Amino acid sequence: MARSRRRITRNTSHKTPERTPENGLEPAPTSSARSSLTPVDDDLPVPAAGPFLTEEDDCPACNSGNHTVLKSNEKESWIRCDACKIWFHWRCAGNGTDVETIDKWYCKACAQNNPSLSITVKPPARKSSRKRTQLDYANLNSGVEADANRWLRVIESKSIQEDQFRRMRGSDVGVEWLEVDETAMREPIVIESPTGLGMKMPDPNFTVSDVADIIGHDTPVEVIDVASQSNAPGWTLGKWAQYYNLDPSARDKIRNVISLEISGTKLADQVLPPRLVRELDWVEKFWPNTRKGKGHAYPKVQLYCLMGVASAWTDWHVDFAGSSVYYHILRGSKIFYFIRPTLTNLAAYEKWSGTELQNNVWLGDMVDEVIKVTLEEGNTMIIPTGWIHAVHTPIDSLVFGGNFLHSYNVATQLKVLEIEKATHVPKKFRFPLFSRLCWYVGDKYLRDLKAKEEFSSRILESLEALASFLVSEVRVMERGSENAKREAKEQVPADRVKDSAAVARELRWRIRISAGASSDDENLGRLSKNTVLNGPSINGLGAKRKRAYQNGAVQFKNFQPKTWDEIDELPQQSKQKTVRARHPKSSNSWHQEWIEWDGSLGEGGDSDPQASVESVREVTLKVRKTDRGLERHRIDRIKEKWVWVEEPSHSANPEIKLDELDYDGKARTLSNKYNPSKEEDKAGELPGDPLGDPEPDSGMTVDD
């Protein structure tokens, strides 16, 4: 069996023991099953191969004093006897053949001592007559072999939905829109003209050369090789401007720039995000102004300059930490492909991202639908939290945009953060100082809640997710590993947050109280498993919530009610008739009369208005075993809807009895007290049951 050869060196202080007639070393009596070229841990050290051999590098087969000087490009080959485990120079003990062909080898002394030992060679490598494709590994490594347009060809055969997203005027895009429209910032919106957005951008004639002139030609820039979707090192803005200005046919590759952040440069003075972005952005609102600017570390993600050439493609991604994006086309055009951030789609994205699927599988095949949006010069788009998207550049383009976190969908932002951690996204490509920013946000909202400020139910629901994240960070500080504790503590801004545990837990408590729940309602504000992210909340936070139900059982702490062995619901019975009955408006105390009414019927007068009565009867049977027998419940529910088709007569007799519809559909009038002598009761009907209930008890226990 062929084995790969390994070279092993030893420190020169070790010397290989020589076998001579004087030292009495004898060969081992048995052979080894290992190859002569396979080292083992308990072997003697192997002499170092080098250009000059000293006495310490002699082998037992060397002639005394024969120290050979090797050429600089030559290496000494050694071989070990599989019997005595002693190493020899192959040039001294070998037979002149290639040492790589030897499988088992024995020195002369061992072979003479045990004639059954024989030297074996490795079998020749199998050769196939089948033709093989010759790969150019140099080109593969540089990305030349990859096809920059392959996904564009894939799209041609896929089902892509045209977008139905809202087109809005710039003047309508503000915080007021979010407060009155529950669907705001749930889907991307397109603003076709920047008028009214409160945004500032460079002149439309602004070029990539102008970007290099203002920021500096020697400024390093990260350039993406579209074919391999990897960074191309060694680029500056000056070099990029030269490449961008080439004729498309003269460009050696398709490249893209998507991460040039311009905060702190002269170009930043010409760019101002839309008013809505500035009003929502956590960095703008909550990061202390005294800790921004030159010399301070803070999240610089608000101002990006993106420059792409025709046919550039940015593969599927979610912006870091699920941040929202504003995107303005200054020159050129862009085509976006969107996937909704539902839990199912995000799970598919997590499975696809960072694996072999990313290179071979169109993500659109793993989700419910893909939506296409085309942006032209002068268009602005705002992409909400967590939307998965890919971008195609049909013509050379220059774009300005930025990222921002906000308080209207924190749960999705945190979900994307979990995906980034699960897929091992390097910290370099995550939202900078995310945890520290969350502490600033949490501290500010806590002070606002203490001051009795009111917030919408949508913000409170988001803040509940934020508070839970901060509590989890506290638990890491309390129970995590030493390294995790240190990292979590470093993210707490000591200038604002003095007691992180108190801030996180009090914030969560005050959010729940503000949402109208008691402080012990542990389920308040948490998204259920079926909640669709970026969709209207299933359970709004505007009013006090009921406890959550799972499988029909109410979840109380330290209590789990007994389950029923069998539950059966009988078919519904419904009747609808028209009768004459006194209208509620005919008496000021009508509500009390109807509550106290025991089902008695009386004769309605001709002066009473007509009423349409719809009666529905629902019967549910439950049964379960007990220690002494069984327990059986019969729940009989009768629902009535009374609708008067005539207005009450002002001359109607106020003392007239109420009319009721019995199971037979006859209008009858009874006194206010139940009279068991009435014939309908003799027929087995119950008072107050127009459908005829044969069993009055709602619960019965049967024992042995």
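Is lysine 85 buried, partly exposed or exposed? Lysine 85 is partly exposed, because its relative accessible area is 27%, which falls between the 20% and 50% cut-offs. This note takes that residue and several other features in turn. The model is a predicted one.

1. **Overall make-up.** The protein chain has 704 residues, and 44% of them count as buried. Its secondary structure comprises 18 helices and 24 strands. Consider the contacts in the protein chain with a separation of 6 or more. Of these, 77% join residues 24 or more positions apart.

2. **Lysine 85.** This residue sits in the loop that runs between β1 (78-80) and β2 (87-89). Its backbone deserves a look. Most residues other than glycine have a negative phi. Lysine 85 has a positive phi, near 65°, and is not a glycine.

3. **Leucine 433.** Leucine 433 belongs to the loop between α12 (410-422) and α13 (434-450). The residue is partly exposed, with a relative accessible area of 27%.

4. **Cysteines.** How many disulfides does a search of the whole structure find? The count is 0. Cysteine 84 is in no disulfide, and the nearest cysteine sulfur belongs to cysteine 81, 3.6 Å away. Cysteine 84 counts as buried because its relative accessibility is 14%, under the 20% cut-off. For cysteine 92, the closest cysteine sulfur is that of cysteine 62. The two sulfurs are 3.6 Å apart, so they are too far from each other for a bond; a disulfide needs them within 2.5 Å. Cysteine 92 counts as partly exposed, at 27% relative accessibility.

5. **Helices α14 and α16.** Two packed helices are described by the angle between their axes and the distance between the axes. Helix α14 covers residues 457-479 and helix α16 covers residues 500-514. They pack at an angle of about 155°, and their axes are 9 Å apart. That angle is over 145 degrees, so α14 is roughly antiparallel to α16. The crossing of the two helices is left-handed.

6. **The α14 and α16 contact.** From α14, the contributors include Leu460, Leu463, Ala467, Leu470, Val471 and Val474. Glu464, Arg475 and Glu478 of α14 also take part. On the α16 side, Ala501, Ala504, Leu507 and Ile511 are among the residues in contact, as are Arg505, Arg508 and Arg512. What is the split by residue class in this contact? There are 11 nonpolar, 2 polar and 6 charged residues.

7. **Alanine 515.** This residue lies in the loop between α16 and β16 (549-550). Alanine 515 is buried, with a relative accessible area of 2%. Its C-alpha atom is separated by 9.7 Å from that of glutamate 454. Along the chain, alanine 515 and glutamate 454 are 61 residues apart.

8. **Glycine 170.** Look in the loop between β5 (161-162) and α5 (175-180) for this glycine. Glycine 170 counts as buried, at 2% relative accessibility. Leaving out residues up to four places away in sequence, glycine 170 touches Ile191, Thr195, Gly196, Leu197 and Arg275. Glycine 170 and threonine 380 are 210 residues apart along the chain, and their C-alpha atoms are separated by 9.3 Å.

Key. Residues are numbered from 1 along each chain as its sequence is written. This is a predicted model: local features need pLDDT of at least 70, side-chain atom pairs count only at pLDDT 80 or more; totals for chains, interfaces and linings use all residues. Side-chain values use heavy atoms; hydrogens and water are left out. Axes are lines fitted to C-alpha atoms, for helices over the stretch in contact, and angles run from 0 to 180 degrees between N-to-C directions. Helices (H or I, at least four residues) and strands (E, at least two) are DSSP runs, numbered from the N terminus. Angles under 35 degrees count as roughly parallel, over 145 as roughly antiparallel, 65 to 115 as roughly perpendicular and the rest as oblique. A crossing is left-handed if the near helix is turned anticlockwise from the far one by less than a right angle, and right-handed if clockwise. Contact means heavy atoms within 4.5 Å. Ala, Val, Leu, Ile, Met, Phe, Trp, Tyr, Cys and Pro count as nonpolar, Asp, Glu, Lys and Arg as charged, and the others, Gly among them, as polar. Buried means under 20% relative accessible area, exposed over 50%, partly exposed in between (1.4 Å probe, protein chains only).
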